[in-house]
Amino acid sequence: MKIVVPQFPGTNCEYDTKYAFERLGHDVQIVWHEENLIPAGADLVVVPGGFSYGDYLRSGAIARFSPIMKAIKAYADNGGYVLGICNGFQILLESHLLPGAMKRNENLHFVSKHQYLKVENSDNRFLRKCRVGERLNIPIAHAEGNYFIEEEGLAALYDNGQVLLTYCDREGNPDNPNGSVGNIAGICNKERNVFGLMPHPERAMERILGSDDGIRMLEGFLS
């Protein structure tokens with residue numbers, strides 16, 4: 001498969017993402033944010049983590065206006081698969097490809113650690129190799145990961161099965177590191193072709209580094 005990874009000024013996880021998918025045996029192409037088109041034959045676009053444009057204004061608020069985001073929106077509107085990780089999730093929210101918004105972490109501190117996630121819905125391309133209720137140990141690293149959506153929108157997420165991952169402890173009990181409403185760590189759109197999460201599955205590819213739970217997450221996209 002062909003994976004496309006856009007690169008913005010300040011992005012710092014594009015090469016981690018490239019390594020992760022190449023380790024799974026697939027071709028990865030990094031494209032600069034000023035490009036107007038998604039390369040032909042792309043099977044998946046992964047918007048990576050980092051600090052696009054230094055996180056000025058708000059995380060992802062400037063990156064949303066990059067030419068590549070117009071191409072990504074058109075790609076998603078045509079049914080293409082898109083995954084946003086950490087800052088990539090923030091960019092997808094700012095671009096209205098996913099509902100809701102990000103606020104500063106509740107304690108106002110940057111958080112960087114391994115965090116357990118509970119799989120809430122695996123009836124989608126992203127998490128289809130995981131089990132509902134399964135706990136995954138995945139690194140997090142963010143200062144603005146406090147996901148927010150109004151009550152009506154939150155109800156719609158649950159009604160449509162769009163809440164995919166929640167923060168938990170090893171036993172599966174709620175353990176919220178940033179204040180996200182509903183302990184939400186990852187969601188998708190109604191059509192289930194655009195996905196976003198704050199944790200970094202691309203950093204959980206080798207057990208010697210703490211976890212390889214990211215493998216099954218990313219493998220879900222790969223036929």
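In the predicted model, Cys86 has a relative accessibility of 5% and therefore counts as buried, the cut-off being under 20%. The closest cysteine sulfur to that of Cys86 belongs to Cys13 and lies 6.8 Å away, which is too far for a bond. Cys168 is likewise buried, with a relative accessible area of 2%. The sulfur of Cys168 is 13 Å from the closest cysteine sulfur, that of Cys130, again too far for a bond. A disulfide is a covalent bond between the sulfur atoms of two cysteines. With a limit of 2.5 Å between the sulfur atoms, the count of disulfides comes to zero.

Strand β3 (residues 44-47) pairs with two other strands, β1 and β4. Strand β1 (residues 2-7) runs parallel to β3 and is joined to it by two bridges, with Val4 standing opposite Val45. Strand β4 (residues 82-85) also pairs with β3 in the parallel sense, over three bridges, and Val82 of β4 is the bridge partner of Val45. Between β3 and β4 the chain passes through helix α2 (residues 67-77), forming a right-handed β-α-β crossover.

In a regular strand the side chains alternate between the two faces of the sheet. In β3, Leu44 and Val46 point one way, whereas Val45 and Val47 point the other way, and all are buried.

Helix α3 (residues 87-94) is mostly covered, with eight of its eight residues buried. Among these buried residues are Phe89, Ile91, Leu92 and Leu93, together with Asn87, Gln90 and Glu94. Just after α3, His96 adopts a positive phi of about 65°.

Note on methods. Residues numbered from 1 in each chain as written. Predicted model: local features only at pLDDT ≥ 70, side-chain atom pairs only at ≥ 80, totals over all residues. Heavy atoms only, no water. Buried < 20%, exposed > 50% of the residue type's maximum accessible area, 1.4 Å probe, protein only. Helix = DSSP H or I, 4+ residues; strand = E, 2+ residues; numbered from the N terminus. Pairing = 2+ DSSP bridges. Right-handed = clockwise from strand over helix to strand, strands pointing away.
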